[in-house]
Amino acid sequence: CAYGLVLFTARLSVNVAGRNLSLPGGPSDRAHVLVDGALEGVLYRADPTAAAAGYALRLSRRAAAGSLLQILVENLGRVNIGPRDETAMVDPKGLPRGVWLD
């Protein structure tokens, strides 16, 4: 994801209501989690509370088998300060470490 928004979508094959959805290491910017079009929560990489909770949120009763899980990732820009070498200014976008259901 270079700019804008990316929508990740999956049809749930099992009931995951009440389970935790987590984004290991956090989203690259801001992730809006929806089930069947209803907002479950927002995870933001700069939110210390979300970081302390492991960038996880508990899914509601809507998250049943057959439901549509969507994660809308919002790109909030790029780091553009600091030294210019292969280790600096690395700011990956999207969900670089995947999505986990606990």
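This report walks through a predicted protein model, from its overall layout to a few single residues.

## How to read the model

Because this is a predicted model, local features need pLDDT of at least 70 and side-chain atom pairs count only at pLDDT 80 or more, while totals for chains, interfaces and linings use all residues. Residues are numbered from 1 along each chain as its sequence is written, and side-chain values use heavy atoms, with hydrogens and water left out.

## The overall layout

Let's start with the big picture. The protein has 1 helix and 7 strands, and from the N terminus on they follow the order β-β-β-β-α-β-β-β. Helices (H or I, at least four residues) and strands (E, at least two) are DSSP runs, numbered from the N terminus.

How many of the 102 residues count as buried? The share is 31%, where buried means under 20% relative accessible area, exposed means over 50%, and partly exposed lies in between (1.4 Å probe, protein chains only). The protein exposes about 6000 Å², and carbon and sulfur atoms supply 55% of that area; accessible areas come from the Shrake-Rupley method with a 1.4 Å probe, and for residues only the protein chains shown count as cover. A contact means heavy atoms within 4.5 Å. Among contacts between residues at least 6 apart in sequence, 74% join residues at least 24 apart.

## Strands side by side

Two strands pair if DSSP finds at least two bridges between them. An open sheet is formed by 3 strands in the order β5-β2-β7, with antiparallel pairing. β5 (56-58) and β7 (100-101) stand at the edges with a single partner strand each, so one side of each has no neighbour in the sheet. Strand β2 (residues 20-22) is joined to β5 by 3 bridges, and these two run antiparallel. Here Leu21 stands opposite Leu57 of β5.

Now look at β3. This strand pairs with β4 (residues 38-44) in the antiparallel sense over 6 bridges, and Leu34 has Leu39 in β4 as its bridge partner. β3 also pairs with β6, again antiparallel and over 6 bridges. In that pairing, Ala31 stands opposite Val73 of β6.

## The nonpolar core

In soluble globular proteins, nonpolar side chains tend to be buried together. A nonpolar core is a set of buried Ala, Val, Leu, Ile, Met, Phe, Trp, Tyr and Cys residues joined through side-chain atoms within 4.5 Å. Which members of the largest nonpolar core touch the most other members? Of its 17 residues, they are Leu21, Leu23, Val33, Leu59, Ala63, Leu69 and Ile71. β3 (30-35) and β6 (68-74) each supply at least two residues of this core.

Leaving aside residues up to four places away in sequence, Leu69 touches Phe8, Thr9, Ala10, Leu12, Leu21, Val33, Leu34 and Val35.

## Residues in the loops

Is Tyr55 buried or exposed? With 10% relative accessibility, Tyr55 counts as buried. Tyr55 lies in the loop between α1 (48-52) and β5, and has a positive phi of about 50° although it is not a glycine. Beyond residues up to four places away in sequence, the contacts of Tyr55 include Leu21, Leu23, Gly26, Tyr44 and Ala50. The C-alpha atoms of Tyr55 and Gly26 are separated by 5.4 Å, though these residues are 29 residues apart along the chain.

Asp36 also sits in a loop, the one between β3 and β4. The hairpin of these strands has 2 residues between them, and Asp36 takes a positive phi near 50° there. Asp36 is not a glycine, and its relative accessible area of 48% makes it partly exposed.

Pro92 is placed in the loop between β6 and β7 and counts as partly exposed at 44% relative accessibility. Pro92 and Pro27 are 65 residues apart along the chain, and their C-alpha atoms are separated by 9.6 Å.

## A charge over a ring

Finally, find Arg30, which lies over the face of Tyr44 at 5.0 Å from the ring centre. The rule is that NZ of Lys or CZ of Arg is within 6 Å of the ring centre and within 35 degrees of the ring normal.
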